Amino acid sequence: MKRRGEFVFDWILDFLFPPACPVCGRYIEQRDCWCSDCLKKLVQPRRLPLDAEMNSFLDGGVWALGVYEAGLRDVLRRLKYDGRKNLLGGLHSFIGAGLARVPSLPAPAGPASGGGAGGSYAFTGMENAPVAVPVPLHPDRLKERGFNQSELLFREPFAALGVPMVPALMRVRPTAPQFGLTAAERSRNMQGAFAVAAGTDLSGRMVIIVDDIMTTGATLSECARAVRAAGAAGIMGIVAASGRK
Ligand SMILES: [Zn+2]
């Protein structure tokens, strides 16, 4: 609940700097959203092609909800590196719209409606109800940033589908930044970097590993390896954006 002073502050802020769509600059009602036209264009959910090894772990496939370019990239970067949590409203609208178009996820409507049509992978029944697991940051990075962007991005949209977010994975060793490394170097850099936290039972569960961005898939792949070792029945990956088409 906002106090009166905050409303006045918002009003002054809107007067001085009218909220604009971060992509096209058009005036928008809410400071934290894209305009509806741009939002529609940004939502481009697609199943990414994977190599054989990734396919063997991520048997439910990996979906990217948007393309890592222009408007989406800027907003994701501002959230991650500038801590602009006011952008989460728009990002949640984007992710919610994307998830609604990923087959085999629970539908947002009533519990009787079942999953999306056409999926190769059925998440049904209580005993294997899916859980979403964010790719973890190293504790030092988490302390410095103050939040895990993957968890912030996906927690609310998945809650709307009745899928709980369980921070089941942890980093068991620090890794070098992936930026500037080749695919082979990225893969080596991530090897054995993750483990499922003690006391978290993923056996027989359908696990959806979520991350903000997928580049080569080395991170998702290693997370999936750890989740598989913990006995998960099926694993899929969902990322907000990827440069891969
Ligand atoms: Zn726009």
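Analyst: Salt bridges up close

Let's start with Glu-53 and Arg-225, whose side chains meet in a salt bridge, 2.9 Å from N to O (that is, a side-chain nitrogen of Lys or Arg within 4 Å of a carboxyl oxygen of Asp or Glu). Glu-53 belongs to helix 3 (residues 52-57) and Arg-225 to helix 9, so the pair ties together parts 172 residues apart in sequence (helices, H or I with at least four residues, and strands, E with at least two, are DSSP runs numbered from the N terminus). This is a predicted model, where local features need pLDDT of at least 70, side-chain atom pairs count only at pLDDT 80 or more, and totals for chains, interfaces and linings use all residues. Residues are numbered from 1 along each chain as its sequence is written, and side-chain values use heavy atoms, leaving out hydrogens and water.

Glu-53 is partly exposed, at 43% relative accessibility, and Arg-225 is partly exposed too, at 34% (buried is under 20% relative accessible area, exposed over 50%, partly exposed in between, with a 1.4 Å probe and protein chains only).

Next come Lys-80 and Asp-212, which meet at 3.1 Å, N to O. As for shared partners, salt bridges join Glu-53, Glu-222 and Arg-225 into one network.

The count comes to six salt bridges. Another one pairs Arg-26 with Asp-37, their closest N and O atoms 3.3 Å apart. Arg-26 is in the loop between helix 1 (4-16) and helix 2 (36-42), while Asp-37 is in helix 2, 11 residues apart. Arg-26 is partly exposed at 45%, and Asp-37 is partly exposed at 32%.
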